[in-house]
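Subject: Structure handover

Hi,

Here is the structure I promised you. Please open it next to this email and follow along.

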Amino acid sequence: MTVEYRGPQTLIQAALAAGEDPAAKARSLKALHQSWAEGTRIPEVVRPVVARSWSRAGALEKDIVPLDAMAIRDLRESNEELTSLVGLFKERLLSLATQAGNQLVISDSQGYVLWVLGPSTVRRRSDGIGFVSGARWRESDVGTNGIGAAMAEKVPVQIFGPEHAREEQHSWVCTSAPVLNRATASLVGTITLAGSFRTAHPHSLALVSSVAHEAEAALQAQHSLKMQRLELTNELPDGEFILTDPQGLVAASRGYSVGGHINLPVGLEEGHFWIAGLGAVDARQAAGGWIFTKTQHQLRLEMSSETLRQVIVHSHEGSTQISLSEKHWQIVNMLAKHPLGLGAEQFKSLWPASTPQVTIRAELSRLRAKLPGVIASRPYRLVAPIVRNSGL
């Protein structure tokens with residue numbers, strides 16, 4: 001029997017119900033683990049989250065070699081986001097974890113354990129299985145475990161007893177939740193409550209999930225404040241513009257339809273650029289970031305050989321390769337052959353006869369978003385000269 005509840009995106013499943021006998025549960029799982037470990041066959045009754053992890057990780061027996069103290073310190077200092085949350089994790093989890101005979105483990109986005117906090121009796125047991133600061137606990141390192149599964153699934157996970165891939169972990173329960181930066185959708189780290197499998201309880205899963213969401217909200221607040229400061233400390237243009245931080249997170253914009261993040265070119269400098277998602281822009285350094293404005297600087301397009309399905313956008317500062325789907329490649333080919341432009345109905349030959357016009361227009365809109373500033377509408381036409389290879 002399991003207790004299930006739905007998280008923001010997917011089904012989150014506790015390993016056993018309140019009051020269920022942990023020892024009996026562990027015995028029932030032992031046979032399932034043995035069946036999988038000996039023949040790589042995953043029995044159908046295995047919980048889906050565990051079955052997926054067993055399938056990804058396999059029965060690994062690699063040695064666990066932790067980082068040294070200096071490397072651990074460097075990882076802590078370089079991870080400002082995670083370090084800023086340690087106080088919150090301690091306040092919300094450490095006392096309860098200690099009372100429940102668990103330890104609190106905080107790991108980074110690469111799976112490195114950076115803090116292990118809690119009762120010394122539990123910590124001594126975790127030392128014996130390599131669950132220590134500096135160890136990396138991805139699925140690819142130690143097989144199925146709470147940290148690795150939460151990283152892979154991007155949802156809170158509880159791994160109980162013989163659900164762990166390695167037998168030395170079968171006396172443990174690990175309840176883990178990933179912490180995400182909502183602004184970038186990137187993993188910041190993972191929080192885990194770990195202890196004897198006899199301490200397993202579905203409330204642990206709800207608790208780490210709640211604290212992870214609180215941490216994500218705190219990071220979101222930090223991000224919003226940072227973006228507000230960036231906007232207030234810069235004199236913004238009167239016309240169309242985008243203001244970003246050095247990582248491409250958008251603080252303010254006018255006249256552009258953009259999300260919260262732009263992929264900036266590596267080694268970006270001031271000047272004329274064509275940037276995927278923006279089109280042709282003038283890039284100017286701002287206080288704490290970049291300001292991008294539309295430019296009239298001429299672009300030149302090149303269609304690569306037909307097998308590559310790429311358009312290369314050449315600007316004054318360099319070239320950008322844009323991979324295209326088969327359908328988008330066909331559309332650009334038609335536009336290249338009709339410099340005066342085409343109406344949406346003239347692309348119908350690229351689709352089955354019964355395809356609705358709204359579907360065709362939607363695909364044209366997706367292509368224009370992929371090549372911003374390159375394809376005009378009414379009629380659809382290329383706004384930059386195009387070079388076509390002789391093989392086309």
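Which helix supplies the largest share of the lining of the second largest pocket? Helix 8 does, with four residues. Keep in mind that this is a predicted model.

**The pocket**

The second largest pocket has a volume of about 360 Å³. Its lining counts 13 residues. Closest to the centre are Glu81, Asn181, His223, Lys226 and Leu249. Two helices each give at least two residues to the lining: helix 4 (80-99) and helix 8 (202-232). By type, the lining has two nonpolar, seven polar and four charged residues.

**The cores**

Now look for packed side chains. In soluble globular proteins, nonpolar side chains tend to be buried together. The largest nonpolar core here has 28 residues. Ile331, Phe347, Leu371 and Ile375 touch the most other members. Helix 9 gives the most, with six residues.

Zoom in on Ile331. Leaving out residues up to four places away in sequence, Ile331 touches Phe347, Leu350, Trp351, Glu363, Leu364 and Leu367. There is also a second, separate core, made of 24 residues. Among them are Leu85, Leu114, Val188 and Val211.

**Arg300**

Next, find Arg300 in strand 13. Is Arg300 buried, partly exposed or exposed? Arg300 counts as partly exposed because its relative accessible area is 38%, which lies between the 20% and 50% cut-offs. Setting aside residues up to four places away in sequence, Arg300 touches Ile312, Val313, His314, Ala384, Pro385 and Val387. Arg300 and Val374 are 74 residues apart along the chain, yet their C-alpha atoms are separated by 9.5 Å.

**Helix 7**

Last stop: helix 7, residues 146-153.

At the start of helix 7, a side-chain oxygen of Asn145 comes within 3.0 Å of the backbone nitrogen of Ile147. Just after helix 7, Lys154 has a positive phi of about 60°.

Send me your questions once you have been through it.

Best wishes

Conventions. Residues numbered from 1 in each chain as written. Predicted model: local features only at pLDDT ≥ 70, side-chain atom pairs only at ≥ 80, totals over all residues. Heavy atoms only, no water. 1 Å grid on protein atoms, 1.4 Å probe; cavity = no way out; pocket = protein on both sides within 12 Å on 5 of 7 lines; lining within 4 Å. Points joined across faces, edges and corners; volume = space filled by probe spheres on them. Nonpolar A, V, L, I, M, F, W, Y, C, P; charged D, E, K, R; others polar. Core = buried A, V, L, I, M, F, W, Y, C linked by side-chain atoms within 4.5 Å. Buried < 20%, exposed > 50% of the residue type's maximum accessible area, 1.4 Å probe, protein only. Contact = heavy atoms within 4.5 Å. Polar contact = N/O pair within 3.5 Å; in protein donor to acceptor, adjacent residues only side chain to side chain.
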